[in-house]
Amino acid sequence: MRRAARTDGNHAAIASALRRVAIVLDCHGAPEMGCDLLVLTRGRVLFVEVKDGALPPSRRKLTEQEARVQRLCRSAGVPYLVVGSVADALAAVTG
């Protein structure tokens, strides 16, 4: 049986902040999605992967599935964002 992946410590804060400016669907519990959040805003769909910005880069690498979905998004012209803080997330979504 597959063990559930842990959420990053900043996941809830980022999701909460984004919910103030957009519709946020939390898909962390569905690893096949390859991202933590789907953000719907101003006619756009954004795939958002939350990483803990306080961790060293080696600990913030995308998983194999996340990297696969990132490649698929890029090939389709769909934004795939990797954010490490509330400020990063808000800037990426509203900027």
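The following legends describe close-up views of a predicted model.

In this predicted model, local features need pLDDT of at least 70 and side-chain atom pairs count only at pLDDT 80 or more, while totals for chains, interfaces and linings use all residues. Residues are numbered from 1 along each chain as its sequence is written, and side-chain values use heavy atoms, with hydrogens and water left out.

**View 1. The setting of Lys 51 in the loop between strand 3 and helix 2.** Strand 3 covers residues 44-50 and helix 2 covers residues 64-76; helices (H or I, at least four residues) and strands (E, at least two) are DSSP runs, numbered from the N terminus. Lys 51 has a relative accessible area of 9% and therefore counts as buried. Buried means under 20% relative accessible area, exposed over 50%, and partly exposed in between (1.4 Å probe, protein chains only). Beyond its neighbours within four places in sequence, Lys 51 is in contact with Asp 8, Asn 10, Arg 60, Lys 61, Leu 62, Glu 66, Val 82, Val 83 and Gly 84. Contact here means heavy atoms within 4.5 Å.

**View 2. A network of salt bridges linking Glu 49, Lys 51 and Glu 66.** A salt bridge is a side-chain nitrogen of Lys or Arg within 4 Å of a carboxyl oxygen of Asp or Glu. The whole structure holds 2 salt bridges. In the bridge of Glu 49 with Lys 51, the closest N and O atoms are 3.5 Å apart. Glu 49 has a relative accessible area of 2% and is buried. The side chains of Glu 66 and Lys 51 form a salt bridge at 3.0 Å, N to O. Because Glu 66 lies in helix 2 and Lys 51 in the loop between strand 3 and helix 2, this pair ties together parts that are 15 residues apart in sequence. Both Glu 66 and Lys 51 are buried.

**View 3. The packing of helix 1 (residues 11-19) with helix 3 (residues 86-94).** Two packed helices are described by the angle between their axes and the distance between the axes. The axes of helix 1 and helix 3 come within 9 Å and cross at roughly 35°; axes are lines fitted to C-alpha atoms, for helices over the stretch in contact, and angles run from 0 to 180 degrees between N-to-C directions. The crossing is right-handed, that is, the near helix is turned clockwise from the far one by less than a right angle. Ala 13, Ile 14, Ala 17 and Leu 18 of helix 1 meet Val 86, Ala 89, Leu 90 and Val 93 of helix 3. The residues of this contact divide into 8 nonpolar, no polar and no charged. Ala, Val, Leu, Ile, Met, Phe, Trp, Tyr, Cys and Pro count as nonpolar, Asp, Glu, Lys and Arg as charged, and the others, Gly among them, as polar.
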